[in-house]
Amino acid sequence: MEAIRGLGNISDHEHEHSLKVLERCATSDPCWAVRGMALEMLKAFAVNIRKASFFERWDMQEYWWSDQDEPWRSQDESRKYLWQTLEISTRDIAWQVRVRAIEVITETAEIGNIDAHRILVPLIEDQSNVRSPNSVTMSFELDAKRVKSATQRGLTNLLYGRGEWVARRWEELQKNVKDGMEHDLAASEAEEKATRATRKDAATTVIDVLIEYIKSGKHGFRQQNLITLGKVVHSATMRGENKCINFLVDCMDSDIASVRTSAMAAVRVICLKDDRRVVQKIMEMAAYDVDVHCKRYAIESLEVVSSRGQRDPLDVLCDLLGHGEAEIRESAVRTIEHLADHCDSHMIGKIQLLLSDSNWSVRRAAATCLKHLCGDHSNVENLIPDPQDRRWFLRSWPHP
């Protein structure tokens with residue numbers, strides 16, 4: 001380790017031989033700490049040239065090395081060996097080395113670098129089958145979580161690295177939505193304006209690579225990958241991103257209930273309130289989805305994606321108050337409590353019927369909803385037929 005550290009102190013990214021030694025140590029040394037140190041030195045070299053890449057020297061007008069030290073590898077060959085080294089390190093037996101490799105990739109890659117995206121995106125899948133040297137606890141699952149967490153941070157950094165473009169897009173998007181523009185058109189126009197203002201092409205992003213990877217993946221991995229997509233986009237302040245939202249809405253048509261639920265979980269954190277595409281799709285799932293868990297999650301999601309007082313979601317929820325499953329009735333009445341902004345006689349009548357429901361959790365959810373909607377304590381108390389429910393109501397909201 002000291003030899004690696006010393007080599008890093010006396011050389012830099014211009015020395016071909018040093019790069020070759022570090023790349024070999026990063027992949028072949030028997031000690032994981034040495035492999036990690038070699039990766040750390042590779043990262044330090046990249047930081048010296050402003051995190052652009054190892055290859056800026058080929059673009060310089062003058063070279064300061066002597067003839068005998070002139071690089072014997074071309075730019076393409078050096079790029080190939082570098083990314084080959086980093087890719088091998090992401091499959092290292094030690095989770096510490098894998099995390100270090102991810103950090104090096106994030107720090108050294110230029111934004112839009114397809115090699116970095118190609119290496120990082122598969123790491124969001126389960127790594128628990130990679131054996132860790134942690135012989136005391138054998139905590140393979142914990143090690144996998146560390147790697148996936150580092151991968152998510154890396155993808156977010158690669159996306160947010162276009163900081164000027166991202167900030168300008170968000171500013172334009174908020175302005176367009178405030179002016180009453182449809183969300184999909186608002187997002188498209190915001191991206192165009194950001195590209196023109198910053199003179200940066202945002203065509204190739206982490207989002208594109210993630211979407212393509214999820215499309216080509218197996219159903220078993222699609223669930224967690226969809227959630228990762230939502231987290232990355234949200235963390236990078238890319239909410240309202242058109243390609244991502246359209247893709248997630250399409251995923252809600254999957255035949256697999258867990259995929260539909262994961263797509264809803266992802267779209268909830270990245271869409272803006274009252275996005276027509278999202279609200280319409282989730283209302284459809286709340287009304288017609290055959291899976292009870294997925295249906296319930298869609299009902300609860302309406303509270304997140306819709307604004308208070310929106311009529312269409314409330315109509316769907318009112319129709320669900322007579323559903324055969326108790327958990328659906330309970331979720332519907334609880335969501336109405338959060339979305340309704342006034343007393344509607346038709347709605348109040350349907351909720352009042354639930355005070356005699358066979359399920360106690362539904363009855364109590366209905367009493368709570370009526371208390372918040374009507375505000376009249378004594379009237380709600382008088383409507384409750386069951387004496388035990390009435391005592392519970394009085395304990396929860398005693399008379400002033």
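The model is predicted. The chain has 21 helices and zero strands. Of its 400 residues, 49% are buried.

**Overall architecture**

- Contacts between residues at least 6 apart in sequence were sorted by separation, and 67% of them join residues at least 24 apart.
- The accessible surface of the chain is about 19700 Å². Carbon and sulfur atoms account for 49% of that surface.

**Helix α5**

- Helix α5 spans residues 95-108, which is 14 residues.
- From first C-alpha to last, α5 reaches 20 Å, close to the 20 Å expected at 1.5 Å a residue.
- Because 10 of its 14 residues are buried, α5 is largely enclosed by the rest of the structure.
- The buried residues of α5 include Trp95, Arg98, Thr106 and Thr108. Val97, Val99, Ala101, Ile102, Val104 and Ile105 are also buried.

- Arg363 sits in helix α19, residues 360-374.
- Arg363 has 15% relative accessibility, so it counts as buried, the cut-off being under 20%.
- The side chains of Asp389 and Arg363 form a salt bridge, with N to O at 2.5 Å.
- This pair links distant parts of the chain: Asp389 is in helix α21 (residues 387-396) and Arg363 is in α19, 26 residues apart.
- Asp389 is buried too, with a relative accessible area of 4%.
- The side chain of Arg363 also reaches the backbone oxygen of Ser358 at 3.5 Å.
- Leaving aside residues up to four places away in sequence, Arg363 touches Leu354, Leu355, Ser356, Asp357, Ser358 and Asp389.

**Arg329 and Asp357**

- Arg329 and Asp357 meet through their side chains in a salt bridge of 2.9 Å, N to O.
- Arg329 belongs to helix α17 (residues 326-339), while Asp357 lies in the loop between α18 (345-353) and α19, so the pair ties together parts 28 residues apart in sequence.
- Both Arg329 and Asp357 are buried.
- Asp357 is also among the residues that Arg363 touches.

**Glu330 and Arg334**

- Glu330 forms a salt bridge with Arg334, and their closest N and O atoms are 3.1 Å apart.
- Both residues lie in α17, four residues apart, or about one turn of the helix.
- Glu330 is buried, at a relative accessible area of 14%.
- Arg334 is partly exposed, at 37%.

**Salt-bridge total**

- The salt bridges in the structure number 19.

Terms used
Residues numbered from 1 in each chain as written. Predicted model: local features only at pLDDT ≥ 70, side-chain atom pairs only at ≥ 80, totals over all residues. Heavy atoms only, no water. Helix = DSSP H or I, 4+ residues; strand = E, 2+ residues; numbered from the N terminus. Buried < 20%, exposed > 50% of the residue type's maximum accessible area, 1.4 Å probe, protein only. Contact = heavy atoms within 4.5 Å. Areas by Shrake-Rupley, 256 points an atom, 1.4 Å probe, with all protein chains shown as cover. Polar contact = N/O pair within 3.5 Å; in protein donor to acceptor, adjacent residues only side chain to side chain. Expected span 1.5 Å × (residues − 1). Salt bridge = Lys/Arg side-chain N within 4 Å of Asp/Glu carboxyl O.
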